[in-house]
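Subject: A structure for you to look at

Hi there,

Here is the structure I promised to pass on. Have a look at it first, and then read my notes below.

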Amino acid sequence: METMLKMVVGLSSSSPVSSTLLGDVCTYEKWAECKSSREAPQSLRRGRRRSDFGCRCLFVEEGCTIQEVGLTLGRRNASLVGLAGCAASSFGWLFAEPAAAKDVAVGVYLPPSQSVAGFVQFTASSKDTPALRAGNVQPYKFVLPPSWKQARVANILSGNYCQPKCAEPWVEVKFEDGKQGTAQVFASPMVRLTNKPYAKIEEIGTPEKLISALGPFVTGNSYDPDEVVETHVEKRGDETYYVYTLDTPLARTGTHNLAAATAKGNVVLLFVVSANDTQWASSEGVLKTVLESFQA
């Protein structure tokens with residue numbers, strides 16, 4: 001069965017999916033045009049604003065029926081999703097919408113932390129990120145204040161397009177609170193840092209060597225070694241962690257950054273907690289508690 005890559009358009013019958021029904025060939029130019037106009041096909045637009053529809057490309061096997069593939073409409077999403085074993089899978093990189101955020105406080109759905117009073121426990125699982133689903137990253141956990149919310153991670157930053165063999169670091173998850181700060185987990189493939197697969201963090205190099213390689217992911221732009229205020233090494237469970245405090249006046253992520261890194265499997269996990277001056281002044285202790293709880 002020939003596999004095609006097409007731009008999704010309105011589908012309403014149970015006839016086999018064909019190139020005519022699927023519409024224009026899905027190219028970057030077509031996607032950009034769709035994103036610019038935010039205009040959904042006429043058959044899908046009834047009662048909805050243009051901005052309610054996303055632009056998504058998919059692999060679809062010719063000959064599948066629309067009933068088999070399934071048509072799902074939702075806010076900011078007009079796409080086919082695979083049902084009944086028929087191949088219709090999201091074509092990951094540039095074309096997909098950002099990963100959906102949970103627009104509710106984490107305290108609503110995460111369990112209370114058993115070790116830190118007043119916080120909730122986040123434990124990553126295969127349902128949370130593309131890398132965990134691909135088995136490229138092992139589960140990790142940390143605590144959060146119950147008022148924080150999960151933030152969107154753009155698909156191009158999530159590593160969805162390159163799993164399981166990404167060559168560059170990607171964002172795993174991100175949480176934030178406008179009054180307190182931001183926490184996010186980055187994963188860097190081991191091959192970017194050392195020629196030795198499944199290396200321990202001590203085998204990759206010193207804390208200074210590691211932060212020089214991953215510093216731009218802490219700050220969101222450039223890294224200056226003079227911004228590192230404090231560095232120390234500690235054991236958490238069976239793993240060694242490099243822990244950093246950075247004063248980053250020009251960073252995109254915030255003027256204050258805390259980071260902890262460890263090697264697990266064939267990746268290095270980097271946990272970054274960030275804040276601006278106002279957030280830091282009121283929540284320094286909270287942010288340090290979040291950082292100290294990170295364990296892979």
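This is a predicted model: local features need pLDDT of at least 70, side-chain atom pairs count only at pLDDT 80 or more; totals for chains, interfaces and linings use all residues.

Strand E13 (residues 256–264) and strand E14 (residues 267–275) run antiparallel and are joined by nine bridges.

Strand E12 (residues 239–247) pairs with E13 in the antiparallel sense, through six bridges. Here you can find Thr245 opposite Leu258 of E13.

So what about the two faces of E13: are they covered or open? In a regular strand, side chains alternate between the two faces of the sheet. On one side of E13 you will find His256, Leu258, Ala260, Thr262 and Lys264, and on the other Asn257, Ala259, Ala261 and Ala263. Both faces are covered, and all of these residues are buried. That makes nine buried residues out of nine in the strand.

Now for the whole chain. It has eight helices and 14 strands. Of its 296 residues, 47% are buried. Among contacts with a separation of 6 or more, 57% link residues 24 or more positions apart. The chain exposes about 14400 Å², and 51% of that comes from carbon and sulfur atoms.

Enjoy exploring it!

Best wishes

Technical notes: Residues are numbered from 1 along each chain as its sequence is written. Side-chain values use heavy atoms; hydrogens and water are left out. Helices (H or I, at least four residues) and strands (E, at least two) are DSSP runs, numbered from the N terminus. Buried means under 20% relative accessible area, exposed over 50%, partly exposed in between (1.4 Å probe, protein chains only). Contact means heavy atoms within 4.5 Å. Accessible areas come from the Shrake-Rupley method with a 1.4 Å probe; for residues, only the protein chains shown count as cover. Two strands pair if DSSP finds at least two bridges between them.
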